[in-house]
Amino acid sequence: MNTPVTVSILGLGEMGRALASALLRADRSVVVWNRTPGKGIELAQAGAVEAATAADAVDAADLIIVCLLDHTSVRDTLDPVADRLRSRTLINLTTNSPEEARELGRWAVAAGIAYVDGGIMAVPSMIAGPGSEILYSGDEKAFRRCKEVLDTWGTSTYLGRDAGLASLYDLALLAGMYVMFAGYMQGAALVRTAGISATDFAGRAAPWISAMTHGLADFGRVIDGGDYTVAGQQSLDFSDLSTMLDAAAHAGIGVQPIAMVQRLIAAERDSGHGTDSFARIVESIAHPTPEGTFSCL
Ligand SMILES: NC(=O)c1ccc[n+]([C@@H]2O[C@H](COP(=O)([O-])OP(=O)(O)OC[C@H]3O[C@@H](n4cnc5c(N)ncnc54)[C@H](OP(=O)(O)O)[C@@H]3O)[C@@H](O)[C@H]2O)c1
């Protein structure tokens, strides 16, 4: 099987344009399409061929990359061109849920399309630069065949045949990122009460948080081992956030991010696990009470 010669990009939002532009800089033959006309002008000036319809874009290439808003927009765009996609390779870089990725994978197999799902671990300005990684899962042969093209955008990491895996990792990593960002915002709101700028705080928070990430591997070993009583781990009793909550209340600011952590700690302590490792809060997340589910927040 040969590396694809022409690549079609469906979707010219911020990310689709960055992906197309990187391929053009790497001298690839690129066809672009966007629902709303006008977003491909600069790409056309750089050598891309603009397709008038999604069907034309599919017909023009053996590798079709989809980077649209969400799963619904992907189905809206692909359903009408399913027949044309037959025997071609479809790589979907739209953010979706694992179940949506698996559903599209089943749809593709039924339609005779080689399907790979992807999760972009980068922002548009990072594409084809240092630190850019895209996670892939699904049809392994199709991934290997296209890898040389995909490597244009950064590190291409294949996770397995289950089409939902790339999304699973993508969302899990984003969960860590958003909660970490919210923790920084909590700190920034607290230091602001003493006239300290968020920029100054960022300069201190970044190396501190970065140093703390070394503890993740230890947490991982404890969680996988299932024994939260092991020595050397910070206990749930020791991790109590009352002082932090009191300081925030005294400063007149909200406590939402730290209150969320305190609730997880309290749930495990209330169940009699106060001397166990802080890592035990993963069990409250993995086995939520009705109050712990999103719809009840
Ligand atoms: N930007 C990032 O930092 C980033 C990072 C990682 C992953 N991603 C993911 O990459 C995907 C694209 O992101 P983006 O930043 O390029 O978003 P964006 O700038 O908002 O672009 C959205 C694209 O989806 C198209 N679209 C929306 N609804 C559609 C529909 N019903 N039918 C056809 N096309 C439709 C839009 O077309 P129109 O121009 O016609 O509206 C546009 O091309 C998203 O899933 C996003 O989560 C983005």
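## Salt bridges

The structure holds 16 salt bridges. These values come from a predicted model. One of the salt bridges joins glutamate 14 to arginine 17, with 3.4 Å between the closest N and O atoms. Glutamate 14 and arginine 17 both belong to helix H1 and lie three residues apart, so about one helical turn separates them.

## The second largest pocket

Helix H1, which spans 14-25, also contributes to the lining of the second largest pocket, supplying at least two residues. Helix H4 (71-78) and strand S6 (114-121) likewise each provide at least two residues of this lining. The largest share, four residues, comes from H4.

The second largest pocket has a volume of about 560 Å³. Its lining is made up of 28 residues, of which Gly13, Cys67, Leu68, Leu69 and Asp70 are the closest to the centre of the pocket. By class, the lining of the second largest pocket comprises eleven nonpolar, eleven polar and six charged residues.

## Packing of helices H8 and H12

Two packed helices are described by the angle and the distance between their axes. For helix H8 (residues 165-192) and helix H12 (residues 256-270), the axes come within 8 Å and cross at roughly 120°. H8 and H12 are therefore oblique to each other, as angles from 65 to 115 degrees would count as roughly perpendicular and those over 145 as roughly antiparallel.

In this contact, H8 contributes Val179, Ala182 and Gln186, which meet Gln256, Pro257, Ile258 and Met260 of H12. The contact of H8 with H12 has five nonpolar and two polar residues, and no charged residues.

Notes: Residues are numbered from 1 along each chain as its sequence is written. This is a predicted model: local features need pLDDT of at least 70, side-chain atom pairs count only at pLDDT 80 or more; totals for chains, interfaces and linings use all residues. Side-chain values use heavy atoms; hydrogens and water are left out. Axes are lines fitted to C-alpha atoms, for helices over the stretch in contact, and angles run from 0 to 180 degrees between N-to-C directions. Angles under 35 degrees count as roughly parallel, over 145 as roughly antiparallel, 65 to 115 as roughly perpendicular and the rest as oblique. Contact means heavy atoms within 4.5 Å. Ala, Val, Leu, Ile, Met, Phe, Trp, Tyr, Cys and Pro count as nonpolar, Asp, Glu, Lys and Arg as charged, and the others, Gly among them, as polar. On a 1 Å grid over the protein atoms alone, a cavity is a set of points where a 1.4 Å probe fits but cannot get out, and a pocket is an open set with protein on both sides within 12 Å along at least five of seven lines; lining residues have an atom within 4 Å of a point. Grid points are joined across faces, edges and corners, and a volume is the space filled by probe spheres set on the points. A salt bridge is a side-chain nitrogen of Lys or Arg within 4 Å of a carboxyl oxygen of Asp or Glu.
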